[in-house]
Amino acid sequence: MASPTGTSDAPFGRTLTAMVTPFTSDGAVDYEGVQRIAAYLVDEQRNDGLVVSGTTGESPTTSDEEKDRVLRAVVEAVGDRATVVAGAGTNDTRHSVELARAAERAGAHGLLVVTPYYNKPPQEGLLRHFTAVADATGLPVMLYDIPGRAGVPITTETLFRLAEHPRITAVKDAKGDLFASSQVMASTDLVFYSGDDALNLAWLSVGAVGYVSVVGHVAGAELASMADSYRSGDVANALAVHRRLLPVVSAIMTRTQGAIMVKAALKLVGQDAGYVRPPLVDATQEQIAALREDLITGGLKLVD
């Protein structure tokens, strides 16, 4: 299924949010809430892509059946006007292949495949893992390089080799090595997306085509504006947006786990995304009070 917003230089779109999964108070997936949040992110927050069932979507605690239903709900809601990328990465290659094939059947436009976590495979293992998933479907693949969670980076040499695969087209980088990634961009056709909201503008400055954001839940329109300004040469305005969003990024990404705080932030802007699932816990009243002040400082409009 072709992406409605992808281009040759930005195959997954430019402003993507790693979407939360709304849960009810008894822990069930709220599928109506899934569609409502997806539409809000695309229609009001200017996201031209969504990542479904990533870590922010609490994928470690959702079943394969739930992932499939969430993906289908998002495709139905916004798949005609936004790129829908399915999180298909696990630390089990066979399971990742199964999720990738299920995502293709459900109508995903692309796959996000994270570095296998906890088991810390060698680079040859990463090469075989990513290749197996990319071989399993006809969908384009975005690698997710996040050694802070996975325990293992995708090295520059491995990225060079993975770039030879015709369906491995992009990298979501949460490693933060701008120089090494610049070398990859200079020597391959891989495109890079910022996977760290604190470095969004820095990534644009070295050639990234966009972001896979968490703060995009509440500041997607601002992030899209920052990218538009930078691409048009208005670096001063891009920098002004970056600085204005500093308290928002700090509030959501540094106080506790991101999914916890972004669900609290959504509620403050009038978009209830429900609860988190254990082992996560909902934000405390103290955290919410501090979050409110930071969102206001960052210029966001909150509901009473």
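Figure 1. Strands are DSSP runs of E with at least two residues, helices are runs of H or I with at least four, and both are numbered from the N terminus. Threonine 15 has a relative accessible area of 4% and is therefore buried. Buried means under 20% relative accessible area, exposed over 50%, and partly exposed in between (1.4 Å probe, protein chains only). The model is predicted: local features need pLDDT of at least 70, side-chain atom pairs count only at pLDDT 80 or more, and totals for chains, interfaces and linings use all residues. Residues are numbered from 1 along each chain as its sequence is written, and side-chain values use heavy atoms, leaving out hydrogens and water.

**Figure 2. Asparagine 200 in helix α8.** Helix α8 covers residues 200-205 and contains asparagine 200. This residue is buried, with a relative accessible area of 2%. Not counting residues up to four places away in sequence, asparagine 200 touches Ser194, Tyr211, Leu223 and Met226.

**Figure 3. Packing of helix α1 on helix α2.** The two helices pack at an angle of about 45°, and their axes are 9 Å apart. Axes are lines fitted to C-alpha atoms, for helices over the stretch in contact; angles run from 0 to 180 degrees between N-to-C directions. At that angle, α1 is oblique to α2. Angles under 35 degrees count as roughly parallel, over 145 as roughly antiparallel, 65 to 115 as roughly perpendicular and the rest as oblique. From α1, the contact uses Tyr31, Val34, Gln35, Ala38, Ala39 and Val42. From α2, it uses Glu66, Arg69, Val70, Ala73, Val74, Glu76, Ala77 and Val78. By class, these residues are 10 nonpolar, 1 polar and 3 charged. Ala, Val, Leu, Ile, Met, Phe, Trp, Tyr, Cys and Pro count as nonpolar, Asp, Glu, Lys and Arg as charged, and the others, Gly among them, as polar.

**Figure 4. Glutamate 32 in helix α1.** Helix α1 spans residues 31-43 and holds glutamate 32. Glutamate 32 is exposed, with a relative accessible area of 69%. C-alpha to C-alpha, glutamate 32 and glutamine 45 are 19 Å apart in space, and 13 residues apart in sequence.

**Figure 5. Packing of helix α3 on helix α4.** Residues 93-106 form α3 and residues 123-136 form α4. They pack at an angle of about 25°, with axes 9 Å apart. The pair is therefore roughly parallel. Thr93, Ser96, Val97, Ala100 and Arg101 of α3 meet His129, Ala132, Val133 and Ala136 of α4. This contact has 5 nonpolar, 3 polar and 1 charged residues.

**Figure 6. The largest nonpolar core.** A nonpolar core is a set of buried Ala, Val, Leu, Ile, Met, Phe, Trp, Tyr and Cys residues joined through side-chain atoms within 4.5 Å. The largest has 85 residues. Val74, Val78, Leu111, Leu143, Phe192, Ile252 and Leu291 touch the most other members. Leaving aside neighbours within four places in sequence, valine 74 is in contact with Met19, Val34, Ala38, Leu50, Val52, Gly79 and Val84. A second, separate core has 16 residues, including Val51, Met142, Tyr144 and Ala170.

**Figure 7. Surroundings of helix α12.** Among the buried residues are Ile260, Met261, Val262 and Lys263. The buried residues pack against α1, α9 (216-232), α11 (246-253) and α13 (285-297).

Key:
Contact = heavy atoms within 4.5 Å.
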